[in-house]
Amino acid sequence: HSFGSYVAFEMALQLLHQGQEVALLAILDTEAPLPTNKPVEVEHDDEARYLIDVATTIEQLLGKNLSVSYEDLQPLALDEQLNYILERLKRANFFPPEAKLAQLRGLVQVFKANHKTHYVPHEVYPNQITVFPASEQFWSEQFCDNPAMGWDKVSSEPVETYSVPGDHITMVTEPHVRVLAEKLRACLDKAQADDERK
């Protein structure tokens, strides 16, 4: 989900252009890539504030408190900050005990790239899009009352939506991921049955 939804959307368009069939385009709790929906790029005056944001996101994913504070990170040099975060991620079983600093650096680079990337499709998707919005929304007010999360603006067909429990992070973790898996399986089965009828 997140930026992966945009990758899936663009892949579906490219596959269709190559004459391939796309049975299901599923979007997991991500706002549509509209020109008016450009993400606010958060610039931090120091790396410690950015690392706090990364740690907070991981805390949501794990459902655990990593006990990372700006006051503890800020006085440290960058490598010390990263080691501080890495040790807490190992203790929380996010990284294995043998994980190296390079793994955390890679993860931080992915977070930064996601924040800086802005994708806008060049055309409307000619088929139906299926969106799985999380029931606990923390997206922009623009889409609070639109379960399609704006994807209806980039699809020529009506958007199908299936709300799943959790928020953007917890929807893909236990126990909520089971509901997502069941609904996604039902959509895949339906797409396969539709394909067999053709």
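This report describes the fold, salt bridges, pocket, surface and backbone details of one predicted protein model.

## Basis of the model

Because the structure is predicted, local features are given only where pLDDT is at least 70 and side-chain atom pairs only at pLDDT 80 or more, whereas totals for chains, interfaces and linings use all residues. Residues are numbered from 1 along each chain as its sequence is written, and side-chain values use heavy atoms, with hydrogens and water left out.

## Overall fold

The protein chain contains six helices and three strands, where helices (H or I, at least four residues) and strands (E, at least two) are DSSP runs numbered from the N terminus. Read along the sequence, these elements follow the pattern α-β-α-α-α-α-β-β-α.

The C-alpha trace spans about 60 × 35 × 35 Å along its principal axes. Of the 198 residues in the chain, 37% count as buried; buried means under 20% relative accessible area, exposed means over 50%, and partly exposed lies in between, with a 1.4 Å probe and protein chains only.

## Salt bridges

Seven salt bridges are found in the whole structure, each being a side-chain nitrogen of Lys or Arg within 4 Å of a carboxyl oxygen of Asp or Glu. In one of them, the side chains of R105 and D79 meet with an N to O distance of 2.4 Å. R105 belongs to helix α5 (residues 101-116) and D79 to helix α4 (residues 78-91), so this pair ties together parts that are 26 residues apart in sequence. R105 is partly exposed at 32% relative accessibility, and D79 is also partly exposed, with a relative accessible area of 39%.

Another salt bridge joins E160 and K190, whose closest N and O atoms are 3.2 Å apart. Since E160 lies in strand β3 and K190 in helix α6, the pair ties together parts that are 30 residues apart in sequence. E160 is buried, with a relative accessible area of 18%, whereas K190 is partly exposed, with 39%. The C-alpha atom of K190 is separated by 19 Å from that of S155, a residue 35 positions away along the chain. Within helix α6, R185 pairs with D189, the closest N and O atoms being 3.5 Å apart; these two residues are four apart in the helix and are therefore separated by about one helical turn. Both count as partly exposed, R185 with a relative accessible area of 48% and D189 with 36%.

## The second largest pocket

The second largest pocket holds about 360 Å³ of space. On a 1 Å grid over the protein atoms alone, a pocket is an open set of points where a 1.4 Å probe fits, with protein on both sides within 12 Å along at least five of seven lines, and its lining residues have an atom within 4 Å of a point. The volume is the space filled by probe spheres set on the points, which are joined across faces, edges and corners.

Nineteen residues line this pocket, and V22, A23, L24, A191 and D194 lie nearest its centre. Helix α6 (residues 176-197) gives the most to the lining, with five residues.

## A nonpolar surface patch

V7, M11 and L15 form a nonpolar patch on the surface, with about 240 Å² of accessible area together. Patches are made of residues with over 30% relative accessible area and no salt bridge, nonpolar side chains (Val, Leu, Ile, Met, Phe, Trp, Tyr) being joined within 5 Å and like charges within 9 Å; accessible areas come from the Shrake-Rupley method with a 1.4 Å probe, and for residues only the protein chains shown count as cover. L15 is found in helix α1 (residues 3-17) and is partly exposed, with a relative accessible area of 33%.

## Loops and backbone details

The loop between β2 (130-132) and β3 (160-161) includes N146, which is buried, with a relative accessible area of 17%. A polar atom of the N146 side chain lies 2.9 Å from the backbone nitrogen of A148. M149 lies in the loop between β2 and β3; its phi is near 55°, a positive value in a residue other than glycine, and M149 counts as buried at 1% relative accessibility.

D29, in the loop between β1 (26-28) and α2 (47-62), likewise has a positive phi, near 45°, in a residue other than glycine, and D29 is buried, with a relative accessible area of 1%. A cis peptide bond, with omega about 0°, joins E174 and P175, and P175 is found in the loop between β3 and α6.

Note on methods:
Polar contact = N/O pair within 3.5 Å; in protein donor to acceptor, adjacent residues only side chain to side chain.
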